[in-house]
Amino acid sequence: DMEQFCRAGLTFDVVDAGPPDGPVAVLLHGFPQHNTVWHPVVARLIDSGYRCLAPDQRGYSPHARPPHVRDYRLGELVADIECLIDAIDAPRVHLVGHDWGATVAWMFAQLHPERVITLSALSVPHPAAFVAALVSTRQFLSSWYL
């Protein structure tokens, strides 16, 4: 089991659980959470034969907290997840994201559709629908942290 992975001088903590040869589910937490939020889901997925990877994303792992705001651009977070998937040589994964993790998942799927079997986005709609809601509802006030 992998406990950490590294990218660009940063070390990320990751929960790696389930059968090593099972289909891979990558679980991305939201703000302000950690990978522990997924423990009940991981248990159920393991029972169904999945290998689960739940990283503490950039800013949450103790050794993956770069000092500059630019280091937290969405492209960097997507590249972190690509590195995680590459670290286990998984060609394709089931991607699950909640809140900010769903935003990262949507962008990953947009940039790397060939690597995603399924995408389950919790609390964040497709980016086009989200932008439409930002300009036509009060959603902008609720989404300030993004």
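Colleague: Which helix gives the most to the lining of the largest cavity?

Modeller: In this predicted model, that element is helix 2 (residues 74-87), which contributes three residues to the lining.

Colleague: How many cavities of 30 Å³ or more does the count give, and what space lies in the largest cavity?

Modeller: The count comes to one cavity of 30 Å³ or more. About 40 Å³ of space lies in the largest cavity.

Colleague: Which residues line the largest cavity, and how do they divide into nonpolar, polar and charged?

Modeller: The lining consists of Phe5, Phe12, Pro55, Asp56, Gln57, Arg58, Leu77, Asp80 and Ile81. By class, five of the lining residues are nonpolar, one is polar and three are charged.

Colleague: How many bridges join strand 1 to strand 2, and which residue stands opposite Cys6?

Modeller: Strand 1 (residues 4-7) runs antiparallel to strand 2, and four bridges join them. Opposite Cys6 stands Thr11 of strand 2. The two strands form a hairpin with two residues between them. In the turn, Ala8 has a positive phi of about 55°.

Colleague: In which sense do strand 2 and strand 4 pair?

Modeller: Strand 2 and strand 4 (residues 51-55) pair in the antiparallel sense, over four bridges. Within strand 4, Leu53 is the bridge partner of Asp16.

Notes:
Residues are numbered from 1 along each chain as its sequence is written. This is a predicted model: local features need pLDDT of at least 70, side-chain atom pairs count only at pLDDT 80 or more; totals for chains, interfaces and linings use all residues. Side-chain values use heavy atoms; hydrogens and water are left out. On a 1 Å grid over the protein atoms alone, a cavity is a set of points where a 1.4 Å probe fits but cannot get out, and a pocket is an open set with protein on both sides within 12 Å along at least five of seven lines; lining residues have an atom within 4 Å of a point. Grid points are joined across faces, edges and corners, and a volume is the space filled by probe spheres set on the points. Ala, Val, Leu, Ile, Met, Phe, Trp, Tyr, Cys and Pro count as nonpolar, Asp, Glu, Lys and Arg as charged, and the others, Gly among them, as polar. Two strands pair if DSSP finds at least two bridges between them.
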